[in-house]
Amino acid sequence: MDANIVLSTLIGGKASKVFVEAKTLKFVTTASVVNEVKEYIPVLAPKKGLSREVMEAAFSLLELEVIKKETYSGQNPGRYGLNRKERPGGRRTRSVGAGVEVPGLVE
């Protein structure tokens, strides 16, 4: 899971639909993404008129599994039977709900 998706979720963006509507999905990310999110919350909160504390609390409630970068890198979307040509824009991600691309998604 990319930091931009998490940050979008925390400010109420479209990515939040993925967390709300995806009941059977497991979301994985790396420690560096978690650190990046924590770094940007204090910057993003005032820009969006949100409370830093509320954003931090919301982040702690997201069910993210933090795994080693090496393991995360091994999450190959190709194993879902999607070849590069079938993916929107030919990117190496898995498309999930609301038109949101979610790298590192595991079912």
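Buried residues, meaning those under 20% relative accessible area, make up 38% of the 107 residues in the protein chain. On that scale exposed means over 50% and partly exposed lies in between, with a 1.4 Å probe and protein chains only.

This is a predicted model, in which local features need pLDDT of at least 70 and side-chain atom pairs count only at pLDDT 80 or more, while totals for chains, interfaces and linings use all residues. Residues are numbered from 1 along each chain as its sequence is written, and side-chain values use heavy atoms, with hydrogens and water left out.

## Layout of the chain

Let us begin with the elements. The protein chain has five helices and five strands, taken as DSSP runs numbered from the N terminus (helices are H or I with at least four residues, strands E with at least two). Read from the N terminus, their order is α-α-β-α-α-β-α-β-β-β. Among contacts with a separation of 6 or more, 67% are between residues 24 or more positions apart; contact here means heavy atoms within 4.5 Å.

## The nonpolar core

A nonpolar core is a set of buried Ala, Val, Leu, Ile, Met, Phe, Trp, Tyr and Cys residues joined through side-chain atoms within 4.5 Å. The largest one in this model holds 22 residues, and V6, L10, F27, V37, F59 and L64 are the members that touch the most others. Two or more residues each come from α1 (3-10), α2 (16-21), α3 (31-48) and α4 (52-61). Helix α3 gives the largest share, with six residues. As general background, nonpolar side chains in soluble globular proteins tend to be buried together.

Two packed helices are described by the angle between their axes and the distance between the axes. The axes are lines fitted to C-alpha atoms, for helices over the stretch in contact, and the angles run from 0 to 180 degrees between N-to-C directions.

Take α1 and α3: their axes come within 9 Å and cross at roughly 40 degrees. From α1, the residues A3, V6, L7 and L10 meet V33, E36, V37, Y40, I41 and L44 of α3. By class, this contact of α1 with α3 has nine nonpolar residues, no polar ones and one charged. For these classes, Ala, Val, Leu, Ile, Met, Phe, Trp, Tyr, Cys and Pro count as nonpolar, Asp, Glu, Lys and Arg as charged, and the others, Gly among them, as polar.

Now for α3 and α4, whose axes are 9 Å apart and pack at an angle of about 155 degrees. At that angle, α3 is roughly antiparallel to α4. The crossing of α3 and α4 is right-handed. Helix α3 contributes V34, V37, K38, I41, P42, L44 and A45 to the contact, and α4 contributes R52, M55, E56 and F59. The residues of the contact of α3 with α4 comprise eight nonpolar, no polar and three charged.

## Individual residues

L10 sits in helix α1 and counts as buried at 11% relative accessibility. Leaving aside neighbours within four places in sequence, L10 is in contact with V37, I41, L50, M55, A58, F59 and L62.

A58, one of those partners, lies in helix α4. With a relative accessible area of 29%, A58 is partly exposed.

L62 is placed in the loop between α4 and β2 (64-66). At 18% relative accessibility L62 counts as buried, and beyond residues up to four places away in sequence it touches V6, T9, L10 and F19.

I67 is found in the loop between β2 and α5 (69-73), and its 16% relative accessibility puts it in the buried class.

The table gathers C-alpha distances for pairs that include these residues.

| Pair | Separation in sequence | C-alpha to C-alpha distance |
|---|---|---|
| L10 and L44 | 34 residues | 9.7 Å |
| A58 and L10 | 48 residues | 6.7 Å |
| L62 and F19 | 43 residues | 7.9 Å |
| I67 and A31 | 36 residues | 7.2 Å |

Key:
Parallel < 35°, antiparallel > 145°, perpendicular 65-115°, else oblique. Left-handed = near helix turned anticlockwise from the far one by under 90°.
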